[in-house]
Amino acid sequence: MNERTIYLLAALAGGAVLPVQVALNTLLRRYVGEPMQVTFISYLAGALASLAICFVARYPLPAAAALTQTSWWMWIGGCLGTFYVWSTIFATPKIGAALALALTIAGQMIAALFLDHYGAIGLTRYAASPTRIAGVVLVVLGVSLVAYVRR
């Protein structure tokens, strides 16, 4: 198995756990109440799991000097993750897990196409070729099929 295959499988596995996360968070909402409360619980559990993994793997704490070299906006990733988790907890009970995730995937693909094309936020540039644009269009068409409800 080559290195690229490992990365592809890791990304696929990461995507495969998202519907399970959405389902678990949506179920937890029935007991807890508000989507933001469930988001907090989800992130707290994730932070504790990350801490445990770092401890077991013996990853050192980041050097203070390295942290001081970052810009404030580099820390927004966690906030964006909070918005993502909240949005799925908020929307899933009303539109279903399949449509909620299909829409998040379409949003991810559209945003990623722009980020890749411009090499934004430090990413390597990958041009928005006609083939890549067609792939995103097909994702959006797929979302339309998932969203279609015959009445």
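How many helices and how many strands does the protein have? The protein has six helices and zero strands, where helices (H or I, at least four residues) and strands (E, at least two) are DSSP runs numbered from the N terminus. Along the sequence the pattern reads α-α-α-α-α-α. The model is a predicted one, in which local features need pLDDT of at least 70 and side-chain atom pairs count only at pLDDT 80 or more, while totals for chains, interfaces and linings use all residues. Residues are numbered from 1 along each chain as its sequence is written, and side-chain values use heavy atoms, with hydrogens and water left out.

The C-alpha trace of the protein spans about 60 × 45 × 35 Å along its principal axes. Of the 151 residues, 17% are buried; buried stands for under 20% relative accessible area, exposed for over 50%, and partly exposed for values in between (1.4 Å probe, protein chains only).

We can turn next to helix packing. Two packed helices are described by the angle between their axes and the distance between the axes. Here axes are lines fitted to C-alpha atoms, for helices over the stretch in contact, and angles run from 0 to 180 degrees between N-to-C directions. Helix 1 (residues 3-32) and helix 4 have axes that come within 9 Å and cross at roughly 70°, which makes helix 1 roughly perpendicular to helix 4. On this scale, angles under 35 degrees count as roughly parallel, over 145 as roughly antiparallel, 65 to 115 as roughly perpendicular and the rest as oblique. Helix 4 also packs with helix 5 (residues 97-118), at an angle of about 140° and with the axes 7 Å apart; helix 4 and helix 5 are therefore oblique to each other. The crossing of helix 1 and helix 4 is right-handed, and helix 4 and helix 5 likewise make a right-handed crossing. A crossing is called right-handed if the near helix is turned clockwise from the far one by less than a right angle, and left-handed if anticlockwise.

Helix 5 is also linked to helix 6 through side chains. A salt bridge (a side-chain nitrogen of Lys or Arg within 4 Å of a carboxyl oxygen of Asp or Glu) occurs between Asp 116 and Arg 132, at 2.8 Å from N to O. Because Asp 116 lies in helix 5 and Arg 132 in helix 6, the pair ties together parts that are 16 residues apart in sequence. Asp 116 is buried, with a relative accessible area of 17%, whereas Arg 132 is partly exposed at 31%. The count by this rule comes to one salt bridge.

The surface carries a nonpolar patch formed by Leu 67, Trp 72, Trp 73, Met 74, Trp 75 and Ile 121, with about 760 Å² of accessible area together. Patches are made of residues with over 30% relative accessible area and no salt bridge, joining like charges within 9 Å and nonpolar side chains (Val, Leu, Ile, Met, Phe, Trp, Tyr) within 5 Å. Accessible areas come from the Shrake-Rupley method with a 1.4 Å probe, and for residues only the protein chains shown count as cover. Ile 121 lies in the loop between helix 5 and helix 6 (130-147) and is exposed at 64%.

Backbone geometry brings Ile 121 up again: its phi is positive, about 55°, although Ile 121 is not a glycine. Arg 58, also a residue other than glycine, has a positive phi near 60°. Arg 58 lies in the loop between helix 2 (35-57) and helix 3, and its relative accessibility of 73% counts as exposed.
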